[in-house]
Amino acid sequence: MERYDLIVLGAGSAARDGAKMAAALYDAKVALVESTRWGGSCPNVACKPTKAYLVVADLVHEINTIAERLGIDVGPARVDMARVKARKDSLKKPQPKWVEDLRNEGFDTYAGEAALVDASTVRVGEDELTAERILIATGSRTAIPPIEGIDEIDWLDHVSALELTELPESVLVVGGGAVGLEFGQIFARFGSRVTIVDALDQIAPRSDTEAAKELQVALEEDGIEVVLGSFVKSVRRDGDEIVATLVPREGEGSREVQTANVLLASGRAPNIEALNVEKLGIETHKLGIVVDEHMRTTADGIWAAGDVTGTYQFTPIAQYQARIAVDDMFGEDAPAADYSILPTAIFTHPELAGVGLTEQEAEGCETAVHDLKHVQRASYKDERRGLYKIVYEPGSGRVLGLHVVAPNAGDIVQGFSLALKFGATVNDLASMHHVFPTFGEAVKATAEKAVPRMAMMAESDL
């Protein structure tokens, strides 16, 4: 039996950050156990490869829509899926290299399915490992919605979609969150006919409603059909195509959609089945393992971090949670998790990004909105769809939320998240210096609309 100071279950973003911090700051002897994919989802099948596809989609779109207007003579751009996939594969680190690098950093690695024997013992195949501390960071996978016939078709998800070598004629995307929207636009700009369906009445449900509607219009102008307030009741194979039956969430009026592929993007399921969490008294909920503000589970000596907790399933949050967990394991007076100022982005074009409260969340708030079409930088590439929205407190003017639909919206919101953290007001934003011409300067213009003495000047600049 091998003894360690910390056993980490998983090898993704949370797992690796936690392991590195434990070794670097606390001189801990650490073992990493991975059953599926060394490096986790982000560099292998999620963030990195997906964004590589988005770059291709944006470039194809620009060549085919604005190059001629800008004075560039080009022929129609066409996507070669096999070459796009080959380039994506070239960006990834090979699995043996992941293991080699982790071992060179001083970690012991174990390949296989981990099972918790008790609160200090892990079994991996024939090996038994023991430690006073265990971090569960096993991540998540695509959740399969309750669709009749779904097991009888070869559906796609964000992993298998990146393995296609031929462009599908059409794709039905189930889910209007970040994954569904990004892949929907990728395939639409590659040349597929795309339909996105979601049971809710808004795409990007965590986003500000007005901002989400602006993005929806932009996607529809890309040729994407967006069907909201409906769910996929059933799917069946009909020759070379799949027939999906869409049913409104309320009322009647089902319809059938014929598609070449169905892409599932309606949620995530935690990877916990093999861990024996019930046996150890580890409390779970629908989205994963229950943790407190220090990432402690309900079993002493066991922490959890990342997607497996079901809490804000983003790579930076996985890393953040792992560091909190390790500080709590080895240190004293470890900080508690705080998600109150959390910038997020969906990397469509335009991007949809936000930080702080939405208008719907901030009761009794006031708002100021500025259209992207009035931003000088937008005119250079004929950008027409987008907006900037500030949610602020009446009287004090304290900024409660910032929501941006624009190119580089994620970069803009990330920078201004610090302003929210330190209690900036609309007057602060309206009075700041800015770089011209940028997409970011529109935040200042938006804030000016909330400051009476500047509002008249802001309108006159339009």
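I looked up C42 first: C42 is buried, at 17% relative accessible area. I use buried for under 20% relative accessible area, exposed for over 50% and partly exposed for in between, with a 1.4 Å probe and protein chains only. C47 is partly exposed, with 26% relative accessibility. The two cysteines, C42 and C47, are joined in a disulfide with 2.2 Å between the sulfur atoms; the criterion is a pair of cysteine sulfur atoms within 2.5 Å. The S-S torsion of C42 and C47 is about -130 degrees, so I noted the disulfide as left-handed. The structure has one disulfide. I also checked C365, which is buried at 19% relative accessible area.

For the record, this is a predicted model, in which local features need pLDDT of at least 70 and side-chain atom pairs count only at pLDDT 80 or more, while totals for chains, interfaces and linings use all residues. Residues are numbered from 1 along each chain as its sequence is written, and side-chain values use heavy atoms, with hydrogens and water left out.

Next I looked up the nonpolar cores, meaning sets of buried Ala, Val, Leu, Ile, Met, Phe, Trp, Tyr and Cys residues joined through side-chain atoms within 4.5 Å. The largest has 35 residues, and L181, F187 and L263 have the most contacts inside it. Elements that each supply at least two residues of this core include α3 (47–65), β10 (170–174) and α6 (178–190). Its largest share, six residues, is from α6. Helices here are DSSP runs of H or I with at least four residues, strands are E runs of at least two, and both are numbered from the N terminus.

I then listed the contacts (heavy atoms within 4.5 Å) of L263. Leaving aside neighbours within four places in sequence, L263 touches, among others, L156, V171, F183 and F187. A second, separate core has 29 residues, V399, V413, V443 and V451 among them.

Last, I checked α1 (residues 13–26) against α8 (residues 315–330): their axes come within 8 Å and cross at roughly 35 degrees. Axes are lines fitted to C-alpha atoms, for helices over the stretch in contact, with angles from 0 to 180 degrees between N-to-C directions. The contact includes M21 and Y26 of α1 and R323 and F330 of α8.
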